Amino acid sequence: MSDVDPLEVLAARAGGPRSARRLTRLLVRSTQQVWRAGPRVLLAVLGLQVLAAAALAAQILVVERVLTVILDVADDPDALPRLWLPVALLALVTAITSLSGAVQQNVERLLGEKVAAAMWRDVLRTATGVSLRNFEEPTFFDRLQRVETNALFRPYQVTQGLVIMLGAVFGSLGVGTVLVTLHPALLPLLVLGGAPLVLTSRRESRLEFDFAVEQTPALRLREYLIGLQTGRDEAAEVRAFALARELGRRIDLLYGTYLKALRGHILRRSRLSALGNLGAAVALAATLVVMVWLVAEGEITVASAGAAIVAIRMLAHQVQALSNGIRLVFESGLFLDDVDAFLTMDPGQGERVEGQPDPPSTFELLEAEDLAFTYPGSEAPALDGVTVRLCRGEVVALVGENGSGKTTLAKVLAGLYQPTGGQVLWDGVDARQYRSAGLRERITVIFQDFVEYGLSATDNIAIGRPDDEPDPERVRRAAADAGIARAIESLPAGYDTILSREFPGGRDLSGGQWQRVALARAFYRDAPLVILDEPTAAMDPRAEHELFASLRSMLAGRSALVVSHRFSTVRTADHIYVMDSGRVAEHGTHTELMAADGVYADLFRLQAAAYMPDAEA
Ligand SMILES: Nc1ncnc2c1ncn2[C@@H]1O[C@H](COP(=O)(O)OP(=O)(O)OP(=O)(O)O)[C@@H](O)[C@H]1O
């Protein structure tokens, strides 16, 4: 990904001269989106708009009729019965106008939810499909934040804008036609009166979008700080360190800055809006003056003038609606470009390439050759010329000090990051030749920070094979292999117990028990390569000893790459790689490495001495 946020480019482009074409493109695309989400509901909304516009035009004609009869009644009281029909008609068209408005609101709500559901599907598919690399980039999170808050309603809002615009156009045509029949001179003045509003609403949309882009990073930070104070995982530490006040202070600071910016923003928008409305009001007043003059000159009747006043009010309302519709479309359009940029994101190197084969179901030899990897935005490589080998059925250990590159190597081997240099060979075949999703099916990884799903114990294990129906027998076997079966069986609902206190009837587990559940998940997945990053960090010494003693039999011919800091546990590994500053410093069996008397031997002795100060390692 480049450092330039495509959104900035879009924002700069949005004010360009091609806005008419952009408007059309936006309208077409969003209407397609809304159409896909709910074609019948969209048709219903449009139908209601046409009905409301027709009722509006009819209202003026009926008003004129009512006024004419009222003036007749003033001269001749016997004409009173002639009033009933136009009055009844007026009541009817007024009722139709209000009713269609009320129904439309509810139908629009339904349409909005349908669009939201469709958009969430698309957004989540992209968010889970893009390469892990994106999650290292702040610009990705900024965009994701905007998409999360905008994807739901913006496409619908564009269509709503379109519907409002259409309604306003239909309404204006109807009212305008009636107005021309009253007197042709009234119309051009009104059209001119609408221009200021249309012009200023464009500028308002730009202001709104720029403000949102500018505020996204601070908003994200604020939400993060709020999450720290309300999250379950953080609750204990926030209390232990009494962080609430400091975190609260930072939130207040961020809010203060935001509110100050918001005040300025609202002021700018209000100024623009006032300017537009003032222009429209001046034009309206001029129209009324012209009308009084027309009545004085005898060009129109008093009844027509009365109807014209109603029509002018209605038309002013329509012009206002039109400008609102245009503003909505432009404003949401800018956000939609943002959503589009997100949805069409490159899924990442090596992802989603058509026609690539799946790797064979197992391997004899897995080799990482001269691997290099640098995190986005980092100068120094996290891996630099790393070569490791793993044969079928072997347990290979990765040791090394903090930050030496063990987890990074595990992630590159698992196909989660594409190496920036070197290659991973599956039985001599470059892994990039294979479909990446297929490759990941052959690997199971349990990370240091594995996820504790707030789901049932069965789901927590069976999620290792998300595409298959959970197999209770296999779940039990995996749990037994990981040494967690007895603990799960003693839970109130056994394997059906939700492993989270956040849900009714849920229970939590200890850190070591959770680690065993994660291991059970790995065993359940049944892949030929198992990568375990610090699998026993939270286990007690007995559990750890038992796990490593039985690891080989549990693996049953599968290969394991085990990252660990505990040298006592890795000494039984078939091969040990010692990482140092992104490189393999040395490798061999425990005996070979001790004999070599290098970094490994040093670190091993250090740990052994900590346990038994007088022991000779
Ligand atoms: N997401 C990241 N973005 C940038 N740099 C990172 C990222 N994750 C790790 N690094 C850097 O890459 C290097 C290797 O980190 P890695 O997590 O692979 O080390 P490790 O050996 O697993 O450490 P530990 O024993 O503490 O788990 C470190 O210098 C670390 O700062």
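Me: Let me start near the end of the chain: in which sense do strand β9 and strand β10 pair, and over how many bridges?
Reply: Strands of a sheet pair through backbone hydrogen bonds, either parallel or antiparallel. Here β9 (residues 575–580) and β10 (residues 583–588) pair in the antiparallel sense, over five bridges. Strands here are DSSP runs of E with at least two residues, helices are runs of H or I with at least four, and both are numbered from the N terminus. Two strands pair if DSSP finds at least two bridges between them.

Me: What should I know about the model and its numbering?
Reply: Residues are numbered from 1 along each chain as its sequence is written. This is a predicted model, in which local features need pLDDT of at least 70 and side-chain atom pairs count only at pLDDT 80 or more, while totals for chains, interfaces and linings use all residues.

Me: How many helices and strands does the protein have, and what percentage of its residues count as buried?
Reply: The protein has 20 helices and ten strands. Of its 617 residues, 34% count as buried. A residue is buried if 20 or more other C-beta atoms lie within 10 Å of its own, exposed if 12 or fewer, and partly exposed in between, with C-beta atoms placed from the backbone.

Me: What is the strand order in the open sheet of four strands?
Reply: The order is β2-β1-β4-β5, with antiparallel pairing. At the edges are β2 (383–391) and β5 (429–430), each pairing on one side only. Two bridges join β4 (residues 421–426) to β5, and tryptophan 426 stands opposite valine 429 in β5.

Me: Which way do the residues of strand β6 point?
Reply: In a regular strand the side chains alternate between the two faces of the sheet. In β6 (residues 443–446), Ile443 and Val445 point one way and Thr444 and Ile446 the other way, and all are buried. Four bridges join β6 to β7, and these two strands run parallel. Isoleucine 446 has leucine 532 of β7 opposite it.

Me: How many residues does helix α4 have, and how far does it reach?
Reply: Helix α4 (residues 84–129) has 46 residues and reaches 67 Å from its first C-alpha to its last, close to the 68 Å expected at 1.5 Å a residue. The expected span is 1.5 Å times one less than the number of residues. An α-helix has 3.6 residues a turn, so residues three or four places apart point the same way. The buried residues of α4 are Ser100, Gln104, Leu111, Gly112, Val115 and Met119.

Me: Where does UniProt place the feature "transmembrane region"?
Reply: The unreviewed UniProt entry places it at residues 41–63, 83–103, 162–179, 185–201 and 272–294. UniProt positions are given in the numbering used here, feature names are shortened, and annotations may be inferred rather than shown by experiment. In the model, residues 41–63 are 100% helix and 0% strand, with end C-alpha atoms 33 Å apart. For residues 272–294 the span is 100% helix and 0% strand, with its end C-alpha atoms 33 Å apart.

Me: Which residues surround the ligand?
Reply: The shell is made of Glu136, Tyr375, Ser378, Ala382, Gly400, Asn402, Gly403, Ser404, Gly405, Lys406, Thr407 and Thr408. A residue is near a molecule if its C-beta atom, placed from the backbone, lies within 6 Å of it. Helix α11 (residues 406–413) gives the largest share, three residues. The shell divides into two nonpolar, eight polar and two charged residues. Ala, Val, Leu, Ile, Met, Phe, Trp, Tyr, Cys and Pro count as nonpolar, Asp, Glu, Lys and Arg as charged, and the others, Gly among them, as polar.

Me: Is phenylalanine 135 buried or exposed?
Reply: Phenylalanine 135 is exposed, because 12 other C-beta atoms lie within 10 Å. This residue lies in the loop between α4 and α5 (138–150). Phenylalanine 135 and proline 376 are 241 residues apart in sequence and 9.7 Å apart in space, C-alpha to C-alpha.
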